[in-house]
Amino acid sequence: MKPGFIYIITNKYQTVVYTGVTSNLPQRILEHKEKRYPTSFSACYNVNILVYYEQFQWIGDAIAREKQIKAG
């Protein structure tokens with residue numbers, strides 16, 4: 001299994017946050033900055049500034065942590 005990351009990004013006014021999971025953090029942040037998926041939440045709200053991340057040995061652990069964060 002691959003290693004994983006959870007990350008939190010925001011817009012330049014810090015009014016919107018997005019939490020995600022990826023196995024390649026630098027590539028994923030670049031995708032957000034380039035708005036590779038123009039209809040996505042992050043593209044619509046200009047969310048592309050990394051404010052926090054955690055690295056995990058297994059992607060499954062990152063997914064579990066994302067669910068924990070999103071649950072409040």
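Contact means that heavy atoms lie within 4.5 Å. Among contacts in the chain between residues at least 6 apart in sequence, 58% join residues at least 24 apart. This is a predicted model: local features need pLDDT of at least 70, side-chain atom pairs count only at pLDDT 80 or more, and totals for chains, interfaces and linings use all residues. Residues are numbered from 1 along each chain as its sequence is written, and side-chain values use heavy atoms, with hydrogens and water left out.

Q: What makes up the secondary structure of the chain, and in which order do the elements run?
A: The chain has three helices and three strands. From the N terminus on, the order is β-β-α-α-β-α. Helices (H or I, at least four residues) and strands (E, at least two) are DSSP runs, numbered from the N terminus.

Q: Why is the chain called as compact as a globular protein of that length?
A: The radius of gyration is taken over C-alpha atoms, and the globule rule is 2.2 Å times the number of residues to the power 0.38. For 72 residues the rule gives 11 Å, and the chain has 12 Å, which is close to it, so the chain is as compact as a globular protein of that length. Along the principal axes, the C-alpha atoms fill a box of roughly 30 × 25 × 20 Å.

Q: Why is Glu54 called buried?
A: Buried means under 20% relative accessible area, exposed over 50%, and partly exposed in between (1.4 Å probe, protein chains only). Glu54 has 15% relative accessibility, so it counts as buried. Of the 72 residues of the chain, 36% count as buried.

Q: Where is Glu54 found, and which residues is it in contact with, leaving aside its neighbours within four places in sequence?
A: Glu54 is part of strand 3 (residues 49-56). With those neighbours left aside, Glu54 is in contact with Gly4, Phe5, Ile6 and Arg65. Glu54 and Ile6 are 48 residues apart in sequence, yet 5.5 Å apart in space, C-alpha to C-alpha.

Q: What makes Lys35 and Asn46 partly exposed?
A: Lys35 has 35% relative accessibility, so it counts as partly exposed. Asn46 has a relative accessible area of 39%, so it is partly exposed. Lys35 lies in the loop between helix 1 and helix 2, and Asn46 in the loop between helix 2 and strand 3. Phi of Lys35 is near 55°, a positive value in a residue other than glycine. Asn46 has a positive phi of about 55° although it is not a glycine.

Q: How many cavities of 30 Å³ or more does a search of the whole structure find?
A: The search finds one. On a 1 Å grid over the protein atoms alone, a cavity is a set of points where a 1.4 Å probe fits but cannot get out; lining residues have an atom within 4 Å of a point. The largest cavity has a volume of about 40 Å³, a volume being the space filled by probe spheres set on the points.

Q: Which element gives the most to the lining of the largest cavity?
A: Helix 1 does, with three residues. The lining includes Arg28, Glu31, His32 and Lys35.

Key:
On a 1 Å grid over the protein atoms alone, a cavity is a set of points where a 1.4 Å probe fits but cannot get out, and a pocket is an open set with protein on both sides within 12 Å along at least five of seven lines; lining residues have an atom within 4 Å of a point.
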